[in-house]
Amino acid sequence: MFRSTRRALLFAAALAVPAMVLAGPQPAAAEKVLRVIPHADLKNIDPIWTTAYITRNHGYMVYDTLFAMDANLKPQPQMVDTWSVSDDQLTWTFKLRDGLKWHDGAPVTAADCVASLNRWGKRDGMGQALMNVMDSLSAADDKTIVMKLKQPYGLVLESIGKISSNVPFMMPKRFAETDPFEQVTDMIGSGPFKFSKDEWVPGSKVVYLKNEDYVPRSEPPSYAAGGKVVKVDRVEWVYFPDQTTAMNALINNEVDYFEQPANDLAPILANSPGIVVEVNDPVGNMGFARFNHLLPPFDNVKVRRAAMAAMKQEDYLLAAVGLPEYFSTCYSVFPCGTPLESTAGSEIVKSAGVEEGKKLLAESGYDGTPVVIMQPTDIPVLSAFSLVTAEKLRKIGMKVDMQAMDWSTLTSRRAKRDPVKDGGWNIFHTWWIGADVLNPMAIAYSGDPAKGWFGWPSDADLERARTAFPLAKNVAEQKVLATKVQDRLYAIGSHGNLGAFFTPVAYRDNVKGLIKSPVQFFWNISVE
Amino acid sequence: MFSFIAKRIVATIPVMGVVALFVFLMLRLSPGDPASVIAGDYATAADIERIREQLGLSDPIVVQFGNWIWQLMRADLGISIFSNLPVTTLIAQRLEPTLMLSLTTLTFSVLVAVPLGALAAWKAGTWIDRAVMIFAVAGFSLPVFVLGYALIYEFSLALQWLPVQGYKSPFDGLLPFLRHIILPTVTLSVIFIALFARITRASVLEVLEEDYIRTARAKGQTERKVLLGHALRNAAVPIVTVIGLGIALLIGGVVVTESVYNIPGLGRLVVDAILKRDYPIIQGLILMFSFVYILVNLMIDIVYTLIDPRIRY
Amino acid sequence: MSAIADRDANRSGLRERLAEFRRNVLSRHPTMAIGGVLLILMILGAVFAPLLFTVDPIALNPIQRLRGPGAAQWFGTDMFGRDIYSRTIYGTRISLFVGLAAAVLSIAIGLVIGLLAGYVRLLDTILMRVMDGLMAIPGILLAIALVSLSGASLVTVTVAITIPEIPRVVRLVRAIVLSVREEPYVEAAVAAGTRLPLILIRHILPNTIPPLIVQATYVCASAMLTESILGFLGAGTPPEIPSWGNIMAEGRTYFQIAPWIIFFPGALLALTVLAVNVLGDGLRDTLDPRIAKKM
């Protein structure tokens, strides 16, 4: 309060000074700045504490990772130089690269990395799974991390090299020892950018400065892997709450890069001189209609499948996304175009239609229980999904109770297992970025109601296949298990699969060197 | 006079108490809390509970309220749940744009509205009067954001005269500041010009019927002198009152204008906080806005005694 | 006895004013007549929406999304292919409901609290401190918070818009009560032992009606605008029920692609708010010349 008052007084004083300069100070001519409109406002800066995608993207600026996923969805060493596995598959040894330094100048040590992995392992789903099979994790010397497992585990590198939230970012030990349910207090990483804490205005602006001491790998960039060569001096994220204003700012050359314009704005942007519009994430997002398996009417698998049968993907995608170049139907639960894509059990979504749904509903013994749909009005895509579902369910003869709310309310209400009259729910919609649901380990595909994701499906077969997956000996075996998982997911009517959609990026044509990836990275980008 | 001011200041304390209690209860008794937002898509119910405990949200409500009041007494507004920064820092970061936009809007509105209203009163019944009044009513009839978009479209995109968005501090140069603040100011001013012009017209009309105006006219003073020297000065009290009431309206308008023009001010801070349930920010800001409102109205009461010699306390 | 006579005097005063209204007002205030007629047309439109060549306002038809105004869809379609004409006409119901309900509710609640505060000394301090507190919270923030926290429904939006309007009504009523209670006929009624509720209803209430009618029109107009602003900020009426406010709010991203989504409900909203305001100004001038000068 005092600071603000003092500031206010300053104003009054300054206003009284008649000799105010007319023109602003000119920025140093040589400094290259990339002005970005990020997809969301960076509200918190600890990527282990929160799973928010914007915080994950921030994490990639400031921190580095031991391994990183490349464009073939394979983990590649990033901070790690060499590594080895014992013949019994139980002892993993990682040696760090030379020249890794924290932003405060201290060298990165194996002990820092051990502490970071431990903190991540307490919050992240894949991290917890890895910790469950882990016997010990220790630093053999300053540069060597040794991981001992209780049993062979097929996803060690996939876990510590995972590309999306929570990413196992490496932090100095003193921060990594923070309680995982509390935020770290400072942003010291070893990543290619430094966080300019004094310039951070939550809700509006974040500034990153080039880390001159960063030593990039020599390989070309590929997703999160490869050399992170920074080609600008400064990256500014300026958050815009309003899409129309954001679009106009890009058109008027007031920003360089617009991370997620609404799909419908893409044509205007593409038609404006000097602006490039393209899809940067080849995997895309997967639309989800999630049933609550605990409450009637969706405690009945036949009712769930009746609803699924009515959920024709084209209708959802057209309503929520609009332009056909930004969506495609995808009947696999694992993203189309990725290794585990499958057609198992997908007839129900493929042949979807209202008639099919009506028929199944008639067989299900549905008793007219109204369906509570939670509609998040502040998220346009999900709001649209909800509208389409309401219409579909009504058409097949279900009663619908649409409840509009904001996303915050939805996130706390979806955690409730209570009956509808005590604040429970029947359906909500969301999407997962494809990179988050590449394999059966994704919590979205859980079949264990005790530990699983909201909606709490229960299926022992599904869980068996999922737990077997990381222990699979080879890719062929993985594929078999994944197919089994998908088959079960459709058989039990785990969720409505609403298809894949892609978010375009738009930028001024003097911005070069974007990395195609499901996650937005800012290295390798130059402003000419 | 001083005892009056002292009394009024003391009288604000229970009002602030009411505001504090009301805001607190409204937030804590509603569904949705920050823990689940923080926990994200992967969280289990146990994780959410853990975070809730960490944030002190599982304490009994009375304890939470007590803690908060205790904090307030030490001039501490708490720490934002999401950004982990002190609420006072967040407010300080964003005070300047909101304050500047408010000042330019009030100044511009008064400069336009008072002459317009006086003119309408002076020419009461003529087409000038009607035109001003039609504008005044129309100003109340347009949602702020529609006007904002229309102005951006015309002046920034079509004519390319002004930037689309953003805020530049006047301390870094007056010209950039003005270029950025013109459109938001005009957008936000329309409703105030409408309001102030109406009040000015009505007050001046009333004064023009008073005896001393007739006397002044009878003494052969020019119409201009009558209008400026007597009528407008005596009509000042109701105009100033309405400006005071306008502060509350201003804060509401600022919220929308800041969104449309992407100005990093307090209005957006509070709306974001509400949508994310960042309790300390919501509580702190609503309390601060109320405090400003009460303070401004208190100052206006004091100003009365200065501009209107008839009022004595 | 005297109380009855006074009440009659009051009544005849009101009757005379109404008669004068009939004789003079409509000719003297043609704008007010226009406002009234417009408002009646809007209400008729709202009531008979299904007969006005509308289609289902919530039927999705993504194939024909974002079509401009034409023969098939008079006002064009929105991003879900819904018919803007039908949505706008049906939206009249919601917007008028919000406006009228907010006006009636805030006046009714404010009247009760104001009468109590003005007449019962004991309650006055407490009630007025609470009202001061409410008034000090910016109305729009209070409304966003209430809607966002209690879930968006027509009822919560209406209540959220109503609550911030109440303190102003309370102040108005209380001021009138304070001035009227000193009048001889009220003092006479008190002396004659008339009970409190009767005094309030017989003597004081009638005096508050004219200014409250005027106040109601302003509340109504501002409620309709506030509803649209809430929609813009993401805390408006649920999208399933179209209102002018949320049609515009949903269309804001499309301002440069499909301006008709905003234009038609916006024009109707502006027209209605204008009509209500003009009506209010006219009523003020005729019902209560004293306020007329002050406002």
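Modeller: Chain C has 12 helices and 0 strands. Keep in mind that this is a predicted model.

Biologist: And what is the secondary structure of chain B?

Modeller: Chain B comes to 13 helices and 0 strands.

Biologist: What about contacts in chain B between residues at least 6 apart?

Modeller: Of those contacts in chain B, 71% join residues at least 24 apart in sequence. In chain C, residues 24 or more positions apart account for 72% of the contacts with a separation of 6 or more.

Biologist: What box do the C-alpha atoms of chain B fill?

Modeller: Roughly 85 × 55 × 35 Å, taken along the principal axes.

Biologist: How are the charges of chain B placed?

Modeller: Chain B has 24 positive and 21 negative charges, and their mean positions are 10 Å apart.

Biologist: What follows H12(B)?

Modeller: B:Arg277, whose phi is positive, near 65°.

Biologist: Interfaces now. How many residues of chain B are in contact with chain A?

Modeller: 62 residues of chain B are in contact with 60 residues of chain A. The two chains bury about 5300 Å² between them, 59% of it on carbon and sulfur atoms.

Biologist: And chain C with chain B?

Modeller: There, 38 residues of chain C are in contact with 45 residues of chain B. The buried area is about 3700 Å², and carbon and sulfur atoms give 78%.

Biologist: How many salt bridges cross each interface?

Modeller: Chain B and chain A have 1 salt bridge. Chain C and chain B have 0 salt bridges.

Biologist: Which residues make the one between B and A?

Modeller: B:Arg50 and A:Asp179, at 3.4 Å, N to O. A:Asp179 lies in the loop between helix H6 and strand S8 of chain A, and B:Arg50 in helix H3 of chain B, so the pair joins two chains.

Biologist: Is A:Asp179 buried or partly exposed?

Modeller: Partly exposed, at 25% relative accessibility. B:Arg50 is also partly exposed, at 36%.

Biologist: Show me one in chain C.

Modeller: C:Arg82 and C:Glu250 meet at 3.1 Å, N to O. C:Arg82 is in the loop between helix H2 and helix H3, and C:Glu250 is in helix H10, so the pair ties together parts that are 168 residues apart in sequence.

Biologist: What is the relative accessibility of C:Arg82 and C:Glu250?

Modeller: C:Arg82 is buried at 0%. C:Glu250 counts as buried at 17%.

Biologist: Which residues are in the network of salt bridges?

Modeller: C:Asp78, C:Arg82, C:Arg87 and C:Glu250.

Biologist: Give me another pair from chain C.

Modeller: C:Arg171 and C:Asp132 form a salt bridge at 2.9 Å, N to O. C:Arg171 sits in helix H7 and C:Asp132 in helix H4, 39 residues apart. C:Arg171 is partly exposed at 40%, while C:Asp132 is buried at 17%.

Key. Residues are numbered from 1 along each chain as its sequence is written. Chains are lettered from A and ligands numbered from 1 in the order in which they are written. This is a predicted model: local features need pLDDT of at least 70, side-chain atom pairs count only at pLDDT 80 or more; totals for chains, interfaces and linings use all residues. Side-chain values use heavy atoms; hydrogens and water are left out. Helices (H or I, at least four residues) and strands (E, at least two) are DSSP runs, numbered from the N terminus. Contact means heavy atoms within 4.5 Å. Lys and Arg count as positive and Asp and Glu as negative; His and the chain ends are not counted. The place of a charge is taken as NZ of Lys, CZ of Arg, CG of Asp or CD of Glu. Buried area is the accessible area (1.4 Å probe) that two parts lose on being put together, summed over both. A salt bridge is a side-chain nitrogen of Lys or Arg within 4 Å of a carboxyl oxygen of Asp or Glu. Buried means under 20% relative accessible area, exposed over 50%, partly exposed in between (1.4 Å probe, protein chains only).
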